[in-house]
Amino acid sequence: MGDGNNDVKVYTKEDFLDHGTPFEEVYAYINDPFELGRQVEKMCAVAKACGVNNFKTLFKGYCQKMKMVNNQTYADNATNFSDQELELATGAWRADDYGITREGAFGSEIIACVHPIMPVERLVNIDTGIEKLRIAYRKGRQWRSMIFERRQLASASSIVGLSDYGVAVTSENAKYLVQYIHDVENLNYELIPEHNSVSRLGWIGQNDFSPYVDDLIYDGNVSFQHFYDSVAQKGSLQKWVDFVKEIRAENNIPTKIVLAASFASVLVKPCNCLPFFVHLWNGSGNGKTVALMLAASVWANPTVGEYIHTFDATDVGQELSAGFVNSLPLILDELQIQKDRKDFDKTIYKLSEGVGRMRGAKTGGLQKMHTWKNCILTNGESPITSMSSGSGAVNRIIEINTEGTKFFKNAKKTADFITENYGHAGKYFVEKLMDPEIMEMAKKLQKDFFEKLSGKDITEKQTLAASLILTADALIDMLIFEDGNGLRIDELSQFLSTHGEVSSDMRAYEWLIDWIAQNNKKFSVRDDIPETWGKNEPGKISIIRNVFNKACLDNGYNASSFLSWLRRNNMIETEGRGYTKRVRINGMKCQCVVLKTNISPEYGYTEIPEGFQEVMDDEKVDF
């Protein structure tokens, strides 16, 4: 019987139920799949003749028993791929280097895939709880692996998408590949390893921080994989500290602010503050980009295109990037690349609010909204805000005019050094913050700095941002540099906006003065003036309402909001509850915005606004 050609000896029912002899005889062919199949069928027929109708089930149990005895991973079928990560039971599927197949109806062969493929790891996202599978596959000599969502692997229509990554799946074999992966995972649930995964950087709860968690695996969008991988360590922490100490000793205030802001990014969430911007502008070739690289080297590879990105991205792209870095600083280079500067206030509001847009999911319901609490570091040749920017946008940004500033004695040397030494300081800083005493110290410092700054003419949001920067600077001076070259409150506060500078209505008022002075002839009713926008009179100037509305719209101001502010401050003459007054111009009564030009100190201004006096002096006309 050893060659498999002899007849199977006769057994009794007791032999099958009380003894193991029939099973031992068939199991002897365990290493010969072809002969094993033949012997199973022969013994199954003998068993049926003896009144035992479940021989295959009993034999499967016998194999499992032998597996435990011999510490083997054998099942009916198992993966038999060269250089495979795991050996997994495959049930009815035959899985070897020739592909994945099983027997179909009437002796046909069903092909699930023509090359090795298998699930090798189960990932559970710590934020969402969603499970994903890492699928390993081989075409040619090299094994590759990709992480896929379960729903993509559970549907024949969606699993076809794996073809983009080189898996040989079409609409013809898709449903069989779905079934194979499902069967193998369920047959080997305990054997397939399970790990926690994350699709972003930053704080995880209160005690963990991505990517500084052991055995934490990235399972997010493939397009962000290089972004995630850039947060790594290279070179030496001590060399980086010694090098940056020399930069701090030069006492270049903008450089120290940007460096401290990078560390401050991870304090935004623990201190329960809002995201904020630090923007460097003006000057060309003075080292602004290298300053951003220095800030990035705290955490990651500072090469532009690795961790640092440019403004050349859509609103959605910037939102996704902010949600991905989460607690780490979002660093954007070259503001002038931004195509639509007119509506950039929307981007500022969105990024500084820390919450992405609510979107519907393709499968119904809503997508998970992206959130972040961090610092956004930017640079450019011009300010990030304009005269027409809303107060909310201006309030969220610390803008630093770098005209006349040289960030480094040797920018090229700095760039070369930090591209070889990076990522250590941020990891060390976060590890220190894990100490409850250090974290409590950070929170207390932030509150203390906030109280000290609150007595100045600085808005609350600017004060919050500044308090975080000063807190981070104090901590890195104590924990990392120990050189005493930290920021002073007065060094930072000179770059903070006052209430008047933040107010969009105040800036609108200043614009209106300039606009009237620029167009003073339009406010004359002389016959030689082809177009009239209003008229001036002693102590006031009347502007036709639709002219006023259009001018505000063209220059980015909200006319109704501006008029409301003017009326509250008693700076316009009105009739009733409205914002206008009827004024006779060219014999017609027109609805006009009547702006007072003799503003007195009781309305918050100590002198007649500059520009109006010139208008009145130039136009001495009798009305």
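Reader: What makes up the accessible surface of the protein, and what method stands behind the value?

Author: Accessible areas here come from the Shrake-Rupley method with a 1.4 Å probe. For this predicted model, that gives the protein about 30,300 Å² of accessible surface, with 48% of it belonging to carbon and sulfur atoms.

Reader: Thanks! What share of the residues is called buried, and what does the word require?

Author: A residue is buried when its relative accessible area is under 20%. Of the 623 residues in the protein, 48% are buried.

Reader: How do you know that the span of helix α18 agrees with its number of residues?

Author: The expected span is 1.5 Å times one less than the number of residues. Helix α18 covers residues 460-481, which is 22 residues, so the span should be 32 Å; the end C-alpha atoms are 30 Å apart, and that agrees. Just after α18 comes Glu-482, with a positive phi of about 50°.

Reader: Why is α18 called mostly covered?

Author: Good one to check. The cut-off for buried is under 20% relative accessible area, and 16 of the 22 residues of α18 are buried.

Reader: What makes a set of residues a nonpolar core, and which residues have the most contacts inside the largest one?

Author: The members must be buried residues of the nonpolar kinds, joined through side-chain atoms within 4.5 Å. The largest such core has 95 residues, and those with the most contacts inside it are Trp-240, Phe-263, Val-278, Phe-429, Leu-433 and Ile-469. Helix α18 gives the largest share of this core, eleven residues. A second, separate core has 31 residues, including Tyr-509, Ile-513, Ile-544 and Phe-562.

Reader: Which residues does Trp-240 touch, leaving out those up to four places away in sequence?

Author: Contact needs heavy atoms within 4.5 Å. Among the residues that Trp-240 touches are Leu-259, Phe-263, Phe-417, Ala-425 and Phe-481.

Reader: How do you know that β11 and β15 are paired?

Author: Pairing takes at least two bridges between the strands. Five bridges join β11 (residues 276-281) to β15, and the two run parallel. His-279 stands opposite Glu-399 in β15.

Reader: What makes β12 and β15 edge strands?

Author: The open sheet has five strands in the order β12-β13-β14-β11-β15, with parallel pairing. Both β12 (309-310) and β15 (397-401) have a single partner strand, so one side of each is left without a neighbour in the sheet.

Reader: And where does α18 lie relative to β11 and β15?

Author: Helix α18 lies across both strands and runs at about 70° to β15.

Technical notes: Residues numbered from 1 in each chain as written. Predicted model: local features only at pLDDT ≥ 70, side-chain atom pairs only at ≥ 80, totals over all residues. Heavy atoms only, no water. Helix = DSSP H or I, 4+ residues; strand = E, 2+ residues; numbered from the N terminus. Buried < 20%, exposed > 50% of the residue type's maximum accessible area, 1.4 Å probe, protein only. Axes fitted to C-alpha atoms, helices over the stretch in contact; angles between N-to-C directions.
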